[in-house]
Amino acid sequence: MADQTEIVIHPVSPQGGRKVTAHALSVDADLGRAFTPADVSEFLRRAGLEAVDLFEDGPIRWEGGGPEVWTGDI
């Protein structure tokens, strides 16, 4: 299912953290607010997507910076 799923890591919010959403089978799901790459990995694990590498091309789309951006300063 991972190849049919798109994970979006949104830009850092003014409140801190980055919203993580998944889009699969025409359904959008809010997975949570991540403050570190480890949070993103945990959200993906809970969603059954344990084999996703955050640093490789794949189903993840990083908006507002890649996995190294966790503050509003890009």
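Is L25 buried or exposed? L25 is exposed, because its relative accessible area is 63%, where exposed means over 50%, buried under 20% and partly exposed in between (1.4 Å probe, protein chains only).

**View 1. The whole chain, a predicted model.** This is a predicted model, in which local features need pLDDT of at least 70, side-chain atom pairs count only at pLDDT 80 or more, and totals for chains, interfaces and linings use all residues. Residues are numbered from 1 along each chain as its sequence is written, and side-chain values use heavy atoms, with hydrogens and water left out. The predictor's confidence in each residue is its pLDDT, on a scale from 0 to 100. Its mean for the chain is 87, and 93% of the residues reach 70 or more. Strand β1 (residues 6-12) has the highest confidence, at 94, and strand β4 (residues 60-62) the lowest, at a mean of 92. Where pLDDT is low, the predicted coordinates should not be read in detail.

**View 2. The outline of the chain.** You will find one helix and four strands here, arranged β-β-β-α-β from the N terminus on. Both kinds of element are DSSP runs, numbered from the N terminus: helices are H or I with at least four residues, and strands are E with at least two. The C-alpha atoms fill a box of roughly 35 × 25 × 20 Å along the principal axes. The radius of gyration is 11 Å, which agrees with the value near 11 Å for a compact globule because the chain has 74 residues; that radius is taken over C-alpha atoms, and the globule rule is 2.2 Å times the number of residues to the power 0.38. Of the 74 residues, 34% count as buried. The accessible surface comes to about 4,700 Å², and 51% of this belongs to carbon and sulfur atoms; such areas come from the Shrake-Rupley method with a 1.4 Å probe, and for residues only the protein chains shown count as cover.

View 3. The strands form an open sheet in the order β3-β2-β1-β4, with mixed pairing. At the edges are β3 (27-34) and β4, each pairing on one side only. Neighbouring strands of this sheet are turned by 20 degrees against each other on average, direction ignored. Helix α1 (residues 37-46) packs on the sheet and touches β1, β2, β3 and β4, while its direction makes about 145 degrees with that of β3. Contact here means heavy atoms within 4.5 Å. Axes are lines fitted to C-alpha atoms, for helices over the stretch in contact, and angles run from 0 to 180 degrees between N-to-C directions.

**View 4. Strand partners, pair by pair.** Strands of a sheet pair through backbone hydrogen bonds, either parallel or antiparallel. Two strands count as paired if DSSP finds at least two bridges between them. Strand β2 (residues 18-24) runs antiparallel to β3, joined by seven bridges, and K19 has R33 in β3 as its bridge partner. Five bridges join β1 to β2, also an antiparallel pair, and here V12 stands opposite R18 in β2. By contrast, β1 and β4 pair in the parallel sense over three bridges, with W62 in β4 as the bridge partner of I9.

**View 5. The two hairpin turns.** Five residues lie between the strands in the hairpin of β1 and β2, where G16 takes a positive phi near 100 degrees. The hairpin of β2 and β3 has two residues between the strands, and L25 takes a positive phi near 50 degrees there. Most residues other than glycine have a negative phi. S26 has a positive phi of about 65 degrees although it is not a glycine, and is found in the loop between β2 and β3. S26 is exposed, because its relative accessible area is 69%.

View 6. A51 lies in the loop between α1 and β4. This residue counts as exposed because its relative accessibility is 80%. The C-alpha atoms of A51 and S41 are 9.4 Å apart, and the two residues are ten apart along the chain.
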